[in-house]
There are 2 protein chains.
Amino acid sequence: MMLTKLRTWLNRMTPAQMIVLYYSIAVSVAVILISLPISIKPGADWSFMDALFVAVSAVSVTGLTTVNISETFTVTGNYILMFVFQFGGIGIMALGTFFWLIIGKKIGLRERRLIMADQNQMGLSGLVKMLKGILVLIILIELIGAVLLGVHFLNYYSAWEDAFLHGLFASISATTNAGFDITGSSLIPYANDYFVQVINILLMTLGAIGFPVLIETKEYLMNRNKNHIHRFSLFTKITTVTFFGLLVFGTVAIMLLEKNHFLADKSWVEGFFYSFFQSATTRSGGLATMDMNNFSEPTLLVLSSLIFIGASPSSVGGGIRTTTFALNLLFLFHFGRGGRSIKIFKRELTEEDITKSLVVTIMAMIICFTATVILTITEDHSLTAIVFEVASAFGTNGLSLGITPDLSIIGKFVIITLMFIGRVGIILFLLFIGGKGENTQIRYPKERVIIG
Amino acid sequence: MMLTKLRTWLNRMTPAQMIVLYYSIAVSVAVILISLPISIKPGADWSFMDALFVAVSAVSVTGLTTVNISETFTVTGNYILMFVFQFGGIGIMALGTFFWLIIGKKIGLRERRLIMADQNQMGLSGLVKMLKGILVLIILIELIGAVLLGVHFLNYYSAWEDAFLHGLFASISATTNAGFDITGSSLIPYANDYFVQVINILLMTLGAIGFPVLIETKEYLMNRNKNHIHRFSLFTKITTVTFFGLLVFGTVAIMLLEKNHFLADKSWVEGFFYSFFQSATTRSGGLATMDMNNFSEPTLLVLSSLIFIGASPSSVGGGIRTTTFALNLLFLFHFGRGGRSIKIFKRELTEEDITKSLVVTIMAMIICFTATVILTITEDHSLTAIVFEVASAFGTNGLSLGITPDLSIIGKFVIITLMFIGRVGIILFLLFIGGKGENTQIRYPKERVIIG
Ligand SMILES: [K+]
Ligand SMILES: [K+]
C-alpha cells in the first residue's frame with residue numbers, strides 16, 4: 001500500500017524533480033557518512049550545519065568548506081569524503097546506471113531519460129555504452145594521477161601510506177574538480193613544484209572539459225590508423241576552443257593585472273605558473289597555489305567572471321558552462337552583424353540552443369545578484385569577497401577569500417543553495433521550479449513591443 | 001565636389017551610424033556652448049575634460065557631473081545648460097523633425113526611418129504627427145511644472161527671478177530626467193518639502209514612462225465620451241505595469257533594508273517619502289533628497305540594479321529599459337513552465353522581441369562589468385561606489401556616491417562612453433558596431449550543442 005503510493009508518486013515526477021530528489025538523497029547519505037564517529041577527529045569543532053555544508057560541497061564537487069578538512073577529519077574520514085565527492089563528481093546518474101548494469105538489470109526508457117536530462121545529452125542510443133565509458137575513463141585517469149602524484153609525494157612524506165593517501169586524495173580531488181585538500185592549505189605547499197601543478201592542471205582539465213570530448217577524442221585516437229574518417233561534433237569543437245580560450249585569457253589577464261602587484265617580485269617563470277595555474281583552476285577545479293587574498297581587486301573580479309562561466313557541460317564542473325558563454329558571444333556578435341543564422345565550424349546553430357544559452361546566462365546572473373545582495377545584508381565582509389564567494393559556489397569552484405568559515409547561518413544556506421543550483425544546472429533548475437507546463441490551447445494574436 | 005563626397009558618404013551610412021554621428025555633433029556643439037565665457041564664472045575650475053563630461057552628461061540627460069554646477073556656471077550658463085539637456089532629453093531626432101516641420105520641408109522616408117530607429121517605433125505612419133505631439137506635450141508639462149515650482153519657490157528665494165529660474169531649471173531637469181541641479185546639492189534642501197517632491201516625482205515619471213504611453217493616454221482621455229472603444233497597446237500595458245511595479249518594489253525594498261539604518265530615527269512619513277522619492281528617481285531621474293552615502297550596501301546594490309533597468313523605451317531615460325526587463329522575466333518564468341508562446345494581456349509576444357530583450361540584457365551586463373573592472377584598476381574607490389557609478393551612467397541616471405569629480409582621465413572616458421551607450425541604447429549600439437551585415441548566401445547543416 002505504502003509502496004504503491006510511493007511508486008505512483010515517483011512516476012508522476014518530472015525528470016528534473018527526480019534528479020533533485022536523487023541529489024537530496026545523496027546529500028542526506030553524505031551528511032550521515034561524514035558525521036560518523038570514525039570520520040571526525042575526537043574534540044573537533046563539528047556542527048550539523050558544517051556537516052550539511054561539507055556534504056553539499058562534496059556532492060556538488062565544489063570544495064568550499066566551513067572547516068579545515070585536515071584538522072577535522074580522520075584518515076578514515078578522508079577516505080569517506082573522497083568517496084562522497086567521487087560519487088558526486090561522476091554524477092549520481094552515471095553511477096546509478098553503472099549499478100543498474102552491475103546488477104544486470106536492463107536499463108529502461110524512463111531511467112535513460114533521467115540520465116539524459118542530467119548529463120544533458122541528446123538522443124538515447126549508445127547511452128549505456130557512453131556512461132560505462134565515462135566511468136572507466138575517469139577511474140583510469142584518477143588511478144594514473146594517484147600513482148604519479150603518490151610516487152612524487154614520497155619526496156614530501158616519509159611514510160609511503162601518507163604519500164599515497166595524499167596522492168590518491170589529490171588525484172581524485174583534481175579529476176572530479178572537487179577542490180578539497182588534506183594539506184590544510186590547498187596546493188600552496190607545492191607553489192614551486194611545477195610537476196605537481198602540471199599534473200593537477202591536466203587532471204582538472206580532463207574532468208572539466210566534458211565527457212563527450214573525452215569519448216570523441218578516445219574514438220579518434222583508436223580509429224586513427226583505420227582509414228576511418230572521424231568528425232568531431234560541433235559541441236566538442238565549440239567547448240574545447242572556448243575552454244582553452246578562457247585558459248589563455250585568464251593567464252594573460254592575471255599576468256597583466258598583477259604585474260605590478262603580486263607578481264612584482266616574482267621571476268618570469270614563477271609569474272607564468274602562478275597565472276597559469278590560477279587561470280586553469282577557475283574552470284571548476286578550485287585548487288590554488290597561493291592565497292587568493294594576495295590578488296588585487298580587478299583580478300578577483302575577472303576571476304569571478306571566469307568562475308561564473310565555469311566548465312564544459314556534461315562534465316564535473318558548474319557555472320553557466322563554456323558552450324553557454326560561447327553561444328552568447330556568437331549571438332551578440334551575430335546580432336550586431338544582422339545576419340539570420342550563426343555559422344561556426346561549417347555548421348549552423350539552432351535557435352533553440354541560442355535561446356537556451358541566453359536564458360541560462362540571465363537566470364544565473366539574477367540568482368547570483370540576489371545571493372550577493374542577501375550576503376551583503378547578513379555578512380560583514382567586503383563586496384569583493386562576497387562576489388567571489390558567490391561566483392565560486394555557483395561555479396562549483398571552491399576558491400575563496402577565506403570567508404566561508406565565518407558565514408552566518410543564512411549565509412551558509414545561500415551558499416549551499418548556490419552550490420546545488422550550480423551542480424544541477426540552470427536549465428534543470430528552471431524545469432524543476434517550472435513544474436509541469438501550461439495550457440497551450442488558448443491562442444491570442446501576436447503583438448510587437450518596443451525593446452531597449 | 002566636397003559636398004558631393006559628403007553626401008555620398010552620408011547616404012552610405014546606416015541609420016545607427018547616422019544617429020551616433022548626430023549625437024556626436026550635438027555633444028560638440030554642447031561643449032562649445034557650455035564653455036563660452038558667458039557660461040562659466042570667472043576663476044572657476046573648468047577644463048576641457050569637464051566640458052566634454054558635462055556636455056555628454058547633458059545631451060544624454062544623465063546628470064553626472066565632475067563640477068558643482070551652481071559654483072561653476074553663471075546664470076546665463078544655467079540657461080544654456082538647460083537648453084542642452086532639454087535638447088538632449090527630447091531627442092535630437094524629435095527636435096530635428098520639428099525643425100523640418102517648421103521650415104516646411106516634407107519629411108522624407110530616409111529621415112523617417114532615422115527617427116524610427118532612434119525612438120524605436122514600428123511603422124512609419126503617423127510619425128510626424130506623433131513627434132509633434134511629443135514636443136507639444138513635453139513643453140506643456142515643463143511649463144506647468146515650472147509655474148507650480150516657481151510659485152512655490154517664492155517661499156525659499158526672496159527675488160522672484162531666483163525663484164522662477166530655480167523653478168524652470170528644476171522642472172526641465174525633472175521632466176527631461178536630466179537630474180542636474182543648481183542648488184549645489186540636488187533636492188536635499190527640499191528633503192522635508194513634500195510638495196516639491198511630489199511635483200518632481202510626477203515630472204520625472206511623465207518624462208520616463210515613454211511617449212507612446214503619454215500619447216495613448218491623451219487619446220484615451222480625449223475620446224472618452226465619444227462612445228469610442230479605445231485599446232491601449234501591449235507596449236503601453238507592459239511598460240506601465242513594470243514601471244509602477246519597480247516603483248513599489250524599490251520603495252518597499254528601501255523601507256525594509258534601511259529600517260534599522262538610515263530610517264531608524266525617522267518617522268513613518270519621513271521614511272516613506274525618503275524611500276518613495278529615492279525609488280522613483282532610480283527610473284532615470286537622478287535627483288535625490290538625501291546623500292546616497294547614507295544608504296547601506298545592500299540598498300545601494302538594489303538601487304544599482306533598479307538604475308540598470310532604467311526607464312521605458314521611447315522616453316528620456318536610459319538603462320536596458322522596462323520592457324526589456326519585463327520580457328526577460330516573462331520568458332524566464334515561461335521557459336520553466338515549458339510552454340511555447342508567451343501570453344500576456346490577451347496577446348502573444350513575438351520571438352523576435354523576446355530574443356532582442358535577452359540580447360540587450362546580456363550585452364548591457366558585459367559592458368557594465370567590463371567598465372567596473374576598468375574602474376577598479378584606475379580608481380581608488382570602493383567596489384560599491386564604482387558599481388553604483390557605472391549603473392548610474394549606463395542608466396543615464398545621475399545618482400552618485402560622490403566619486404564623479406575624483407575620477408581619473410580614463411575613468412571619465414569610461415563613464416562618458418557608458419552615458420553615450422545608455423542614451424543611444426544597446427540595440428542601436430549593437431547595430432552601430434555590427435556594421436552592414438554579413439553574407440547570408442552560404443548555408444550549412446544545423447547541429448545541436450549541449451547548453452548549461
Ligand atoms: K570545485
Ligand atoms: K538622469
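Student: Why is Lys266(A) called partly exposed?

Tutor: In this predicted model, Lys266(A) has a relative accessible area of 23%. Buried means under 20% and exposed means over 50%, with partly exposed in between. The value of 23% lies between these limits, so Lys266(A) is partly exposed.

Student: What makes Asp265(A) exposed?

Tutor: Its relative accessible area is 63%. The cut-off for exposed is over 50%, so Asp265(A) counts as exposed.

Student: How do you know that Asp265(A) forms a salt bridge with Lys266(A)?

Tutor: The closest N and O atoms of Asp265(A) and Lys266(A) are 2.9 Å apart. A salt bridge needs a side-chain nitrogen of Lys or Arg within 4 Å of a carboxyl oxygen of Asp or Glu, so the pair qualifies. In chain B, Asp265(B) forms a salt bridge with Lys266(B), with closest N and O atoms 2.9 Å apart. By this rule there are 2 salt bridges over all chains.

Student: Which residues coordinate the potassium ion (ligand 1), and what makes them donors?

Tutor: The potassium ion (ligand 1) is coordinated through O atoms of Val61(A), Thr62(A), Asn177(A), Ser284(A), Thr396(A) and Asn397(A), at 2.3 to 2.9 Å. For K the limit is 3.2 Å, so these atoms count as donors.

Student: Why is the site of the potassium ion (ligand 1) called irregular?

Tutor: The angles among its 6 donor atoms run from 64 to 148°. Six donors count as octahedral if opposite donors are over 155 degrees apart and all others between 65 and 115.

Student: Is Ser284(A) buried or exposed?

Tutor: Ser284(A) has 0% relative accessibility. The cut-off for buried is under 20%, so Ser284(A) is buried. Thr396(A) is buried as well, with a relative accessible area of 0%.

Student: Which residues have the most contacts inside the largest nonpolar core?

Tutor: They are Phe85(A) and Phe85(B), in a core of 266 residues. Leaving aside residues up to four places away in sequence, Phe85(B) touches several residues, including Val61(B), Phe169(B), Ile172(B) and Phe180(B). Val61(B) is also one of the residues that coordinate the potassium ion (ligand 2).

Methods: Residues are numbered from 1 along each chain as its sequence is written. Chains are lettered from A and ligands numbered from 1 in the order in which they are written. This is a predicted model: local features need pLDDT of at least 70, side-chain atom pairs count only at pLDDT 80 or more; totals for chains, interfaces and linings use all residues. Side-chain values use heavy atoms; hydrogens and water are left out. Donors are N, O and S atoms within 2.8 Å of the metal (3.2 Å for Na, K and Ca); water is not among the atoms, so sites may look incomplete. Four donors count as tetrahedral if all angles lie between 85 and 135 degrees; four count as square planar and six as octahedral if opposite donors are over 155 degrees apart and all others between 65 and 115; anything else is irregular. Buried means under 20% relative accessible area, exposed over 50%, partly exposed in between (1.4 Å probe, protein chains only). A nonpolar core is a set of buried Ala, Val, Leu, Ile, Met, Phe, Trp, Tyr and Cys residues joined through side-chain atoms within 4.5 Å. Contact means heavy atoms within 4.5 Å.
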